[in-house]
Amino acid sequence: MASTIAISTAAVRIAPITKVNAASTKARTAFVSNGTVKKTTAMLVWTPINNKFFETFSFLPPLSDSEITKQVDYIVRNGWTPCLEFSDPEGAYIGDTNTVRLQGTSAGYQDNRYWSMWKLPMFGCTDGSQVLKEIAGCTKAFPGAYIRLVAFDNQKQVQCTGFLVHRPVGAKEFQPADKRSV
C-alpha cells in the first residue's frame, strides 16, 4: 500500500535580524537558564534512588529533642492534639507491591496514611516533654520501627501535620542530607 505525502512549495520569507547587541546575544546563548547563572548553578537535582521522604521535614537531618519540642509547642499553641504513630520499615513507605488500590491513584490521594497508633492521642498535652517521654517509650518498645508525630485539629477533624521523630538504626531506604541531591 503506497502513501502519498503532500509537500507545500510555498515560499517562506525569513525576516532579517535587526540590530542586536553582540554581548547580550553571547550572554543569552552561553547557558540554558530559568534564573540567573548564580541561581542555576546552585540548583541540585533530587536523586530518587534510596531516597524516600516521609511527610513534613523529612528532607532535613533528624530533628533534635529541642527541635521536636518547638514543633510540639507550635502544635499545642494551635489547639491541635499530638499523637504518635509507628510502622515497621516494610509498611512505612507504601508501594505498588504491598498496596491494594480499588480505584488507582489520583490527585490528592496519599499512600502511607495509616500507621499503628502508639497509645491514644495526647489529649491535654501542654508541652514537648510529655511527647518526648512517649517517643522514648515507643522507641524502646519498637526500636526497629519508624515513628512519626502527627497532630489533629478536633474542630476541623483533619490531620494538620505529621513528621518523623525516629528512624530505625539500620534504615537504608533514604540518603543522608548531604547525599540527597546531585
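Predicted model: local features only at pLDDT ≥ 70, side-chain atom pairs only at ≥ 80, totals over all residues.
1. Overall composition. The protein has 182 residues, of which 27% are buried. Its secondary structure consists of five helices and four strands. Read from the N terminus, these elements follow the order α-α-α-β-α-β-α-β-β.

2. The four strands form an open sheet in the order 2-1-3-4, and the pairing is antiparallel. Strand 2 (116-118) and strand 4 are the edge strands, each pairing on one side only. From one strand to the next, the twist averages 35°. As a general point, strands of a sheet pair through backbone hydrogen bonds, in either a parallel or an antiparallel manner.

3. Pairing of strands 1 and 2. Strand 1, residues 81-87, is joined to strand 2 over three bridges in the antiparallel sense. Within this pairing, Leu 84 has Trp 118 of strand 2 as its bridge partner.

4. Helices on the sheet. Helix 3 (residues 65-77) packs on the sheet and touches strand 1, strand 3 (146-153) and strand 4. The direction of helix 3 makes about 170° with that of strand 4. Helix 5 (residues 128-141) also packs on the sheet, where it touches strand 1, strand 2, strand 3 and strand 4. The direction of helix 5 makes about 15° with that of strand 1.

5. Pairing of strands 3 and 4. These two strands run antiparallel and are joined by seven bridges. Val 150 stands opposite Gly 162, a residue of strand 4. Strand 3 and strand 4 form a hairpin, with four residues between them.

6. The hairpin turn. Gln 157 lies in the loop between strand 3 and strand 4. Its phi is near 60°, a positive value in a residue other than glycine. Is Gln 157 buried or exposed? The relative accessibility of Gln 157 is 64%, and the residue therefore counts as exposed.

7. Lys 119 counts as exposed because its relative accessibility is 53%, and the cut-off for exposed is over 50%.

8. Thr 161 is found in strand 4. Its relative accessible area is 16%, so Thr 161 is classed as buried, a term that requires a value under 20%. Which residues does Thr 161 contact, leaving aside its neighbours within four places in sequence? They are Thr 56, Ile 75, Leu 149, Val 150 and Ala 151.

9. Glu 134 has its place in helix 5. With a relative accessible area of 18%, Glu 134 is buried. Leaving aside neighbours within four places in sequence, Glu 134 is in contact with Leu 84, Trp 118, Lys 119 and Met 122. Glu 134 and Cys 83 are 51 residues apart along the chain, and their C-alpha atoms are separated by 9.4 Å.

10. Pro 143 lies in the loop between helix 5 and strand 3. With a relative accessibility of 48%, Pro 143 counts as partly exposed. Leaving aside neighbours within four places in sequence, Pro 143 is in contact with His 166 and Pro 168. Pro 143 and Arg 167 are 24 residues apart in sequence, while the distance between their C-alpha atoms is 8.7 Å.

11. The largest pocket. How much space lies in the largest pocket? The volume is about 150 Å³. Thirteen residues line the pocket, and the closest to its centre are Pro 61, Pro 62, Leu 63, Leu 164 and Arg 167. Strand 4 (residues 158-166) gives the most to this lining, with four residues. By type, the lining divides into nine nonpolar residues, three polar residues and one charged residue.

How values were computed: Residues numbered from 1 in each chain as written. Heavy atoms only, no water. 1 Å grid on protein atoms, 1.4 Å probe; cavity = no way out; pocket = protein on both sides within 12 Å on 5 of 7 lines; lining within 4 Å. Points joined across faces, edges and corners; volume = space filled by probe spheres on them. Nonpolar A, V, L, I, M, F, W, Y, C, P; charged D, E, K, R; others polar. Pairing = 2+ DSSP bridges. Axes fitted to C-alpha atoms, helices over the stretch in contact; angles between N-to-C directions. Contact = heavy atoms within 4.5 Å. Buried < 20%, exposed > 50% of the residue type's maximum accessible area, 1.4 Å probe, protein only.
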